[in-house]
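Here is a briefing on a structure with its sequence. Look at both before reading the points below.

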Amino acid sequence: MNFRLPLLAAALALACGASNAVTLRVANVGDVQSMDPHSLNETLQLSFTASIYEGLVTRAKDMALAPALATKWTQTSPTVWRFDLRKGVKFHDGTPFTADDVLFTFKRAAADGSDMKGYVAPIKDVRKVNDFTIDIETTMPFPILPDTLTTLGMMSEKWCVENKAERPVDRRKGIENTASFKANGTGPFRLKERQPGTRTVIVRNFNYWDKVESNVDEVVFTPIGNDATRVAALLSGEIDVMEPVPLQDIDRIKASGAFNVLQGPELRTIFLGMDQKRDELLSSSVKGKNPFKDKRVRQAFYQAIDIDAIKSRVMRNAAAPTALMVGPGVRGFMPDMNKRLPYDPEAAKKLLADAGYPNGFEVGMNCPNDRYVNDGPICQAVAANLARIGVKVNLQTETKVSYFPKILSRNTSFYLLGWTPSTVDSHDALLNLMATPTDKGQGQFNLGAYSNPKLDELTQKIQVETDDPKRNAMLREAFKLHQDDIGHIPLHQQALAWSSSKKVSLVQLPSNYMFFKWVVVK
Amino acid sequence: MRQSLRRFLDSDVWHSFRSSPTAMAAAVIAFICLFCALFANVVAPHNPFDLATLELGDSRLPPAWIEGGRSKYLLGTDDQGRDILSALMYGSRISLFVGLASVLLSMMIGVSLGLLSGFAGGHVDAFIMRVCDVMLSFPSILIALLIDGVGRALFPNAHDTLAFAVLIIAISLTGWVQYARTVRGSTMVERHKEYVQAARVIGVAPLRIMRRHVLPNVMGPVMVLATIQVALAIITEATLSFLGVGVPPTSPSLGTLIRVGNDFLFSGEWWITIFPGAVLVLITLSVNLLGDWLRDALNPRLR
């Protein structure tokens, strides 16, 4: 009998210890696509991996820049920036973080398959000064360099080499490597378990260099695609946090009293893109020419869309219709230019007829159904709108797992996309969405290859301009060009909606990042 | 023609039908569903597949008898402003078409393979039955998803027509095993009966024996199986559409309507999912009851 008592005590202690551990169960509509921080430039992906991998610079709760792996940065010349790196930081596997890892990361982010090419494109050279100092030289003066570095997670050179993950996971070609399933960053959390599409578990990194507000020991992330199931999981206490909250259920969740709903404007702009490059569209009844090359067709599509009905009926007023590719809150947003062309199906019909399509035409449309708020229904509403002017839309809605590889390799004629400038600056949208695609990262998400050389030129100039009034004047000009060309059809800025049990306190950033280091569970 | 009708009206089957209220009720319901589906473009008050007529402003209206409902939309509207009643009729047209076509196809595959297997025996039998075993060991939805994926990869830009073809093939390729097993069993019994032996002795070709002599005698259980499989196929189509690999969202089948409506269960807009769900239950139940009755009516041991 004697030996049982200490055993029992040990078991009890173990049980108590386990129950004291704070677990946060988070559900999102879709899964994080990969654990590789350079594999996909998508908010959920970057937001989740940001808890594991840190950048040189990060953002504070008010979106201001804050030091992370760099303690200080200064401009030593218009094109050269000096970053002092934090000392004594260790990766999760115990390897110390040094300048070599930074150099390696920049090389990796520019390699084939990387989705972060756009962010490192302005960089000409990264030099090691000593183990804890680096110089970054840009091709041209680049005043918002620190902003662009907030999204670039630093990886360990040693770990990547040992795991044969020197090159990023390529989502477009479906090439995976160890970095997809394992992770080794410097962040406040480290990856414990990864089951793609099912469950991802991260646990606290107790060797973290900074104090962490959060008392969460473990975060269990689960994708739950079905809206009703996700709400049911929250209401029944199966999960603690969910995002996004289906618009139709916000009132129901608020009314139950046990849950908070956090709503706020999101920086994301939802828009439609059209293939303006191919001489014949991939899927259309029009053969031998590309109707989207004609501005009148693009304008007809624009004016055929009843954006107010989409706002009130599909989005339940949780959206702000927009005429610009960037929303309020993004630096360079021009409130006075935010005027949409009027909804006018008659004018649209006439435009189509003028362009030589009096009876309309058929076109395929691609749309995700689990990425943005009510994305599938938005596309259906757009298809219905276009039917009124005689355009038959063959709509294919699908999960983002198959959607993104398809449209990122430009296998689409007409698509829906949402964009949050991760630098919180209009230049990001110009460079990624509107500038002519090159293989250097410019226009990487301009999937319909809209092109206007004047806009490209302005984009370059805006990048180097430090004088605000001058910069704004150029932004204005660039936006005007894009609006006049109808390069894309902007739809709206969606509203953020998160919900959690009242025990959990969250910090919601307008960029829709959920940093677990700020989550406190009572 | 008249004679065969008379013969049918005098038969045991018709008598048992007349004396079974369940079977008659099921037949009436199945007929109404089939009629509404077939003549949806005449019967339905709106055409929910004609996108140009959809009024987004009328979306999510409750049924006419509830406050806020409009007589124009008897059973209310869904999130895109489709009239639920019309969508039900057009949707069940898709469901019934896919259901019937896939049952027909799987019946053809299953019966011919089963007949061949049972009649030939030996290696042929062993091979076909092992294929059946393999097919049985996969869940049917998984096979359907696989075929759908391959179909879409092969023809990425084909749309509605391909979606139907893929659905039908996917469902029938998972359904044929049942027929093959059933027919093989019956064929093995029939094969040793005197009339088959006699046909063989006088030198009738095996194919002809199978077709003219064995087939009519094994069709009883096949017909029964088919009625049950129609219901199963409709449910499988609903499941596939629920998973988003079925018909496009702009022409929803019953399954798609249920999936879309599912999202509105918590927000009180129950009609978007309840009505399509009820119709699916009605169709499935009535066809199943008919199948049950037919099995009993045709079973000599129960007479």
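**Overall build**

Chain A has 522 residues, for which a compact globule would have a radius of gyration near 24 Å; the chain has 24 Å, which agrees. That radius is taken over C-alpha atoms, and the globule rule is 2.2 Å times the number of residues to the power 0.38. This is a predicted model: local features need pLDDT of at least 70, side-chain atom pairs count only at pLDDT 80 or more, and totals for chains, interfaces and linings use all residues. Residues are numbered from 1 along each chain as its sequence is written, while chains are lettered from A and ligands numbered from 1 in the order in which they are written.

**Chain A as a whole**

- Chain A holds 17 helices and 19 strands. Helices (H or I, at least four residues) and strands (E, at least two) are DSSP runs, numbered from the N terminus.
- The C-alpha trace of chain A spans about 95 × 55 × 40 Å along its principal axes.
- Of the 522 residues in chain A, 53% are buried. Buried means 20 or more other C-beta atoms within 10 Å of a residue's own, exposed means 12 or fewer, and partly exposed is in between, with C-beta atoms placed from the backbone.
- Take the contacts in chain A between residues at least 6 apart in sequence: 71% join residues at least 24 apart. A contact needs C-beta atoms, placed from the backbone, within 7 Å.

- An open sheet in chain A has the strand order β4-β5-β7-β6, with antiparallel pairing. Two strands pair if DSSP finds at least two bridges between them.
- β4 (70-77) and β6 of chain A are the edge strands, each with a single partner, so one side of each has no neighbour in the sheet.
- From one strand to the next, the twist averages 20 degrees.
- Six bridges link β6(A) and β7(A) in the antiparallel sense. Ile123(A) stands opposite Thr138(A) in β7(A).
- Helix α3(A) packs on this sheet and touches β5, β6 and β7 of chain A; its direction makes about 170 degrees with that of β6(A). Axes are lines fitted to C-alpha atoms, for helices over the stretch in contact, and angles run from 0 to 180 degrees between N-to-C directions.
- Buried residues of α3(A) (residues 99-109) include Phe104(A) and Phe106(A). Their cover includes α4 (117-120) and α6 (157-162) of chain A.

**An enclosed strand**

- Strand β14(A) (residues 362-368) has six of its seven residues buried, so it is largely enclosed by the rest of the structure.
- β14(A) and β15(A) run parallel, joined by seven bridges. Met365(A) has Leu395(A) in β15(A) as its bridge partner.

**Two helices in chain B**

- The axes of α3(B) (residues 21-38) and α5(B) (residues 84-120) come within 7 Å and cross at roughly 105 degrees.
- The two helices, α3(B) and α5(B), are therefore roughly perpendicular. That label covers 65 to 115 degrees; under 35 counts as roughly parallel, over 145 as roughly antiparallel and the rest as oblique.
- Cys33(B) and Leu34(B) are among the residues of α3(B) that meet α5(B), where Met89(B) and Leu96(B) are among the partners.
- Ile29(B) also lies in α3 of chain B. Ile29(B) is partly exposed, with 17 other C-beta atoms within 10 Å.
- Ile29(B) and Leu285(B) are 256 residues apart in sequence, and 9.4 Å apart in space, C-alpha to C-alpha.

Methods
Two residues are in contact if their C-beta atoms, placed from the backbone, lie within 7 Å.
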